[in-house]
Amino acid sequence: MLNQVGGYRNKTSPFIKNFNIIHNAAATETTITSSPSNVSTTPDYGYSYFDLLEEFAANVKTLSESQKLHSKMISTGNEHNVFFGIKLVSTYANCGHVMDACQLFDKIPESKSNILPWNALIRGYAMHGRYNDALTLYYQMQSKESLQPNAFTFPFVLKACAALGALQQGKDIHDCTIRIGLESNIYVGSALVDMYVKCGSLKDACQVFDRMSQRNVVSWTAIIAGYAQNGEASKALQLFRQMQAAGMKPNFVTMTSVLPACSSLSAIRLGKEVHCYMIKDGLGFDILAGNALLDMYAKCCNVGFARQVFDKMSKRDLSSWNAMILGYIQNRHCTEALKLFDQMQVAMIKPDSITWNAMISGCAQNGYVDEAFQIMQKMQLAGVKPTTVTILSVLPLCSRLTALRQGKLVHGFIIKSGLILEISVGNALLDMYAKCGSIEFANQLFLEMPQRDVISWTAMIAGCGMHGHGRGALTLFQQMLKENLKPNHITFIGVLSACSHSGLVDEGWRYFHCMSQDHFIKPWVEHYACMVDLLSRAGQLDEAYDFIKRMPIEPDAGVWGALLGACRIYCNIELAEDAAEYLFKLEPHNSGNYVLLSNIYAESGRLVDAAKVREMMKDKGLKKTPGCSWIEINKRVYPFLVGDVSHPQTEEIYAMLKSLSGLMKAAGYVPDTRFALHDA
């Protein structure tokens, strides 16, 4: 478009200032159109109004400037001007006002023959999360013979495919880039690598990456992230080194991709290098980078550095708090996790299910029984329902401590939350009841479960065996087979253990053989240990010893320990010495093996040999691990060690024990004190 007034075009002066001056002066001028013969003049400021409007349009970047231009287009009759329209479509789309851009696009039909507004709209959709719309518009554009996508089209279409996980559509678009000859374009190639990585096709991503003659930081970062996210941390770090060797400067996104790989490999040294690089190169780090850094330090067992990063973060989100809490829990700093959890709530950060579950499981795993249940109750008061993760964190703790009351409390939570239908929860409950001595509850739950898998049957079989119901366990196993469920290694451990606890030697042999012959399950060392325990308990020590010697795999401490324990019962010193010799090699620091052999010598009257074993323990710096029991009173579990005098009511406790001992003796109970002095 030519300037008809004074010949001034592209004059270098502050155009916005002149635009405003002429706009005010031209408030009453006639319509300006794109036709030179109809261009009206304005007072001569060196520019025509249309000239300045055009120059202003060329420099429009913000939403307010776009709206101002749009207003003047309408007021001056230029709302159908193609140049202005394309510019406005692009700016509206980039500013996130995609609907305004679409409306304007539809009002200027001539613009649809130009690739620029199509690209602008596709980009606007892709950049603002409207990925399906981006792909729909791309396919509409392709239907027009006069238009062909270019290097500015594909990166954003591929971004939409990546976000949607639309692998097949991404491959179709890849084929299109090859036909057009744009696959080698550095930006298109980088977008292809990123799309394939995010769609889970690392192999295709590698092929594109390897064919790229030129690579930029985006392509390097995408392939590094791909390997890191697919569990190939070593390859990710190798590529990071190659990127540096190629002279490519990593950016912030690269670093947040490399740090998880450092975490996976516990590569603390490289993680520190990345941290230093970020500081030295002035990359800085936002919340995402801070979270990645503290997660890396925590997983590399350097929770102190993780806390330093956490404290220095200018802004933190919920993920930051969760990452730090998880870091403490993973490194067994439960007290610090509890403190931080309290600080989090003081800071008005609302915990989510991840936070609650992390705290409950952390307390459970570290023996903070009361705290675990207290947090679970707070979770419910906060209106957050316990999840499967919550339940599966707490129930094993109840099983380990035989805390039946707490287990029943959790069962109540499960019923209220509607989680009872989940098979994993039912299995955990079943296991808890069995291990807490309530086999009747376990059996009732088992019968009421709407669905049962091999784990359910295995837990019930193991529970019956544990309570001496060997025949019942074997009946369950046969019922399981009739249900067409395939037993696994753990199932057979339960079956053989049940035979052992009930003295079913013949049945044990039969199931041990059918395990490999009928079910094609190769025995583990645990199965051999069950058989040794079965024979040893039945007094067949020589058979057990021969069985061990014929084992096709190396016996472990569990195998020899089962034999040594039986040698104590049946006073077989010769086999005890052989078993102990192997155990001393396998578990040189396990004081229990030394104590057991010493007690066997003592009971047989070989006090000199017993003293030698005790002296051996002393030389190795070993001490017998004291026995421990616990009792639950008023919702609290109290542990007691042998000879424990730490409880404030010690005198009353020992007085009660003495009274109970008298009552037991009066009832005819005679304790076995053969090893009492030696174990003390």
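Figure 1. The side chain of Ser598 forms a polar contact of 3.2 Å with the side chain of Arg614. When residues up to four places away in sequence are not counted, Ser598 touches Ala610, Val613 and Arg614.

**Figure 2. Helix H27 and the packing of its buried residues.** Helix H27 comprises 13 residues, 470-482. The distance from its first C-alpha to its last is 19 Å, close to the 18 Å expected at 1.5 Å a residue. The buried residues of H27 are Gly470, Ala473, Leu474, Leu476, Phe477 and Met480. Viewed down the axis of H27, these buried residues fall within an arc of 155° and therefore line one face of the helix. An α-helix has 3.6 residues a turn, so residues three or four places apart point the same way. Arg471 and Lys482, on the other side of H27, are exposed. Packing partners for the buried residues of H27 are helix H25 (439-448), helix H26 (454-466), helix H28 (489-502) and helix H29 (505-517). Just after H27, Asn484 adopts a positive phi of about 65°.

**Figure 3. Aromatic pairs in the predicted model.** The whole structure contains 18 aromatic pairs. In one of them, the ring centres of Phe209 and Trp220 are 5.1 Å apart and the ring planes lie at 80°, so the pair is edge-to-face. Phe209 is part of helix H11 (residues 202-211) and Trp220 of helix H12 (residues 217-229), so this pair ties together parts that are eleven residues apart in sequence. Phe209 and Trp220 are both buried. The pair of Phe477 and Phe492 is also edge-to-face, because its planes are at 65°, with the centres 5.4 Å apart. Since Phe477 lies in helix H27 and Phe492 in helix H28, the pair ties together parts that are 15 residues apart in sequence. Both of these phenylalanines, Phe477 and Phe492, are buried.

**Figure 4. An aromatic cluster, and arginines over aromatic rings.** A single aromatic cluster is formed by Trp509, Phe512, Tyr528 and Phe547. Arg215 places its charged end over the ring of Phe209, 4.0 Å from the ring centre. Arg510 lies over the face of Tyr511, at 5.2 Å from the centre of that ring.

Methods
Residues numbered from 1 in each chain as written. Predicted model: local features only at pLDDT ≥ 70, side-chain atom pairs only at ≥ 80, totals over all residues. Heavy atoms only, no water. Helix = DSSP H or I, 4+ residues; strand = E, 2+ residues; numbered from the N terminus. Expected span 1.5 Å × (residues − 1). Buried < 20%, exposed > 50% of the residue type's maximum accessible area, 1.4 Å probe, protein only. Arc of directions from axis to C-beta. Contact = heavy atoms within 4.5 Å. Polar contact = N/O pair within 3.5 Å; in protein donor to acceptor, adjacent residues only side chain to side chain. Phe/Tyr/Trp six-rings, centres within 6.5 Å; stacked < 30°, edge-to-face > 60°. Lys NZ or Arg CZ within 6 Å of the ring centre and 35° of its normal.
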